[in-house]
Amino acid sequence: MMRTQFSPLWRRVVPTAVVGAVVAAALTGASGAAQAGVPVYHRAAAAIPDRVSDLLARMSLDDKLGQMTQVDRSVLTPADLTTYRIGSVLSGGGSAPTSNTAQAWADMYDGYQRAALATPLGIPMIYGVDAVHGHNNVRGATIFPHNIGLGATRDPALVQRIGRAVAEEVSGTGIDWNFAPCLCVARNDRWGRTYESFGEVPELASAMASYIPGLQGGSLADSGSVLATAKHYLGDGGTTNGTDQGDTQLSEQELRAIHLPPFQEAVRRGVGSVMVSFSSWNGAKVHGSQYLITTLLKGELGFGGIVVSDWAGIDQLDGQTGASGSDVRTAINAGIDVVMVPYEYKAFLATLRAEVLANRISMARIDDANRRILTKKFELGLFERPYTDRSYTATVGSAAHRELARQAVRESQVLLKNDNGVLPLDKGARKLFVAGKSANDIGNQSGGWTISWQGSSGAITPGTTILQGIQQSVSTSTAVTYNRTGTGIDASYDAAIAVVGETPYAEGQGDRPGGLGLDQEDIATLNRLQASGVPLVVVLVSGRPLDIAAQLSNWDALVAAWLPGTEGGGVADVLFGAYRPTGKLPSTWMRQASQQPINSGDGKASLFPYGYGLSY
Ligand code: GLC
């Protein structure tokens with residue numbers, strides 16, 4: 001992360017001549033009196049472990065506890081950041097500055113950073129955000145396909161390029177920590193976070209861990225790099241019935257075989273942080289599991305970065321609301337280094353301090369957490385370049401990033417049916433009819449985690465809808481009619497395109513313990529189109545496979561578009577053959593919802609198997 005130069009506190013009190021000597025000494029490697037006035041932790045040329053040790057030795061208990069505390073911007077003033085020495089700020093889903101522009105985000109970030117540098121030791125803060133398919137909280141940012149679509153591309157190099165593009169847009173707003181990629185292995189499509197998974201097998205998530213070097217670059221100190229987060233550790237996609245934050249009832253052997261490999265790959269690729277899962281393993285909350293967090297992740301896997309809790313995740317440990325002393329000591333002693341509080345930070349700090357003073361949390365554990373945190377802050381270059389590098393701000397929503405996103409949309413489309421070669425459609429067709437609630441809706445095609453936490457239907461951010469993509473693809477002589485419900489269709493049309501599926505949701509609000517079929521509006525629209533006898537192409541905009549076997553025989557063609565994001569032109573590119581479909585299913589497609597969970601190799605008769613995909 002390249003940042004603008006700033007003058008740290010000591011430079012304002014150390015005469016320029018000394019600074020010059022120090023710089024000369026640093027450059028020549030000379031030691032001695034010239035550097036005497038500069039603390040080791042402020043010497044950029046010093047080895048990071050030495051800088052960490054020097055700083056740790058200077059820190060008070062309050063300094064150390066503050067570094068372990070992460071607070072949402074919506075409740076934290078810069079003044080309180082200074083007073084309580086808060087080490088990390090975050091934006092939960094949709095938590096944006098009033099003027100939701102890249103510039104306003106950068107100004108907000110710099111304001112918090114100035115407050116952090118005003119603490120006694122001037123330790124910069126680190127700011128986290130869920131840029132899970134682009135910098136999706138920011139209006140105008142490029143929104144890429146959600147992970148399930150990226151899994152369908154089977155293109156790790158593309159995913160790495162996406163990671164880089166997202167890192168640049170995130171950097172342009174100052175932010176230095178991305179709570180992504182989700183490396184969950186979604187085993188039951190009822191789960192509301194299925195679309196955050198690259199697919200149902202660990203190999204796919206492991207391959208797409210290429211997102212991590214995309215975000216972190218060759219080095220965290222590199223220009224535009226941000227800290228990546230492998231999440232949610234461990235087994236979030238394996239809960240019984242796909243219940244979000246539920247219980248993953250597996251033997252240790254099964255847990256290791258299905259859910260651990262992507263995290264092993266993430267550690268191998270140098271991921272800087274890991275976020276703990278809300279879920280439980282055989283009835284025990286992962287947030288309290290010293291075995292999974294310390295023995296397995298930090299010990300056996302050798303993870304040396306930051307372990308961060310999920311949103312108020314420690315509060316759930318004792319089954320009561322709020323973060324009790326028991327919650328705090330259980331979570332910290334389990335190995336959590338940063339607690340995403342995210343609101344009651346004063347109470348959290350008081351409880352944490354009490355647990356340490358009562359020797360129920362050791363100073364060794366506190367110092368281990370601080371070493372991990374400070375190491376990443378030094379690696380990011382925050383002490384030398386703490387403020388936003390505004391040279392990246394213009395990359396937010398840039399044409400180059402949108403073109404990359406359009407390529408990802410093209411590669412993510414999975415052609416599941418194409419009777420009589422109805423696809424690709426003729427760009428010179430006389431009359432085309434477009435229908436469906438998601439044909440002209442950026443919000444629906446982007447899904448959850450877009451502008452707001454849950455996402456929403458409508459024109460929520462600039463982009464190209466699938467309808468606009470179709471209109472831009474056809475010849476000037478082609479008449480494209482759009483009607484959301486299909487009203488007006490008749491036999492005079494060359495083809496009908498129905499863009500249907502799911503409206504946005506996130507996390508548990510997307511859990512579907514009952515049916516997984518289309519909603520009544522979509523069914524009515526499709527029936528209206530089918531009645532005309534016109535060749536029918538269905539484009540399914542959804543975060544998961546849906547139960548459509550009963551309707552499939554009435555459709556001439558079916559394309560799984562997943563949640564493509566702002567660049568709907570990529571869907572049209574496939575429909576008209578500008579790009580031949582290459583996508584492959586990242587998840588087995590059920591014949592009926594009652595088959596869930598249904599996964600590759602389980603012997604169940606699917607409608608379409610994992611890896612299926614047609615082409616032209
Ligand atoms: C949410 C999600 C997690 C996200 C965090 C911060 O509840 O579980 O994926 O990173 O809170 O928004």
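**Cores, domains, strands and helices**

Reader: Which residues is L575 in contact with, leaving aside its neighbours within four places in sequence?
Author: Contact means that heavy atoms lie within 4.5 Å. With the neighbours within four places in sequence left aside, the contacts of L575 are L423, P424, L425, I470, I497, V537, V539, V559 and Y616.

Reader: What kind of model is this, and from which number are residues counted?
Author: This is a predicted model, in which local features need pLDDT of at least 70, side-chain atom pairs count only at pLDDT 80 or more, and totals for chains, interfaces and linings use all residues. Side-chain values use heavy atoms, with hydrogens and water left out, and residues are numbered along each chain as its sequence is written, from 1.

Reader: Which residues touch the most other members of the largest nonpolar core?
Author: A nonpolar core is a set of buried Ala, Val, Leu, Ile, Met, Phe, Trp, Tyr and Cys residues joined through side-chain atoms within 4.5 Å. Buried means under 20% relative accessible area, exposed over 50%, and partly exposed in between (1.4 Å probe, protein chains only). Of the 161 residues in the largest core, those touching the most other members are I548, L575 and W589.

Reader: From which domains does this core draw at least three residues each?
Author: The bounds of a domain come from an automatic or database domain assignment. The core draws at least three residues from each of domain 1 (39-391) and domain 2 (399-595).

Reader: How far apart are the centres of domain 1 and domain 2?
Author: The two domains touch: 48 residues of domain 1 are in contact with 49 residues of domain 2. Their centres, taken over C-alpha atoms, are separated by 34 Å.

Reader: In what order do the five strands of the open sheet lie?
Author: Helices (H or I, at least four residues) and strands (E, at least two) are DSSP runs, numbered from the N terminus. Two strands pair if DSSP finds at least two bridges between them. The pairing in this open sheet is parallel, and the order is β4-β3-β2-β1-β11.

Reader: Which strands stand at the edges?
Author: An edge strand here has a single partner, so one of its sides is left without a neighbour in the sheet. The strands in that position are β4 (177-178) and β11 (339-340).

Reader: Which residue of β2 stands opposite Q70?
Author: Strand β1 (residues 69-72) runs parallel to strand β2 (residues 88-91), and three bridges join them. Opposite Q70 stands S88.

Reader: Which elements are among those that cover the buried residues of α14?
Author: In helix α14 (residues 325-334), the buried residues are G325, D327, V328, A331, I332 and A334. Just after the helix, G335 takes a positive phi of about 125°. The cover over the buried residues of α14 includes α13 (290-300), β11, α15 (345-357) and α16.

Reader: Which backbone oxygen lies 2.8 Å from a polar atom of the side chain of R372?
Author: R372 is in helix α16 (residues 363-379) and, at 12% relative accessibility, counts as buried. Not counting residues up to four places away in sequence, R372 touches K298, F303, G304, G305, I306 and D337. The backbone oxygen at 2.8 Å from its side chain belongs to G305.

Reader: How many residues of strand β15 are buried?
Author: Strand β15 (residues 495-501) has A495, I497, V499 and G501 pointing one way and A496, A498 and V500 the other way. Both groups are buried, and the count is seven of seven.

Reader: Which residue of β16 is the bridge partner of G501?
Author: Strand β13 (residues 431-435) runs parallel to β15 and is joined to it by four bridges, with V434 opposite I497. Strand β16 (residues 536-541) also runs parallel to β15, with six bridges between them. In β16, the partner of G501 is V541.

Reader: What distance separates the C-alpha atoms of V574 and Q413?
Author: V574 is found in helix α22 (residues 569-575) and, at 1% relative accessibility, counts as buried. Leaving aside neighbours within four places in sequence, its contacts are R410, Q413, Y579, P581 and Y616. V574 and Q413 are 161 residues apart along the chain, yet their C-alpha atoms are separated by 7.4 Å.

How values were computed:
A polar contact is a pair of N or O atoms within 3.5 Å; within protein, one must be able to donate a hydrogen and the other to accept it, and residues adjacent in sequence count only if both atoms are side-chain atoms.
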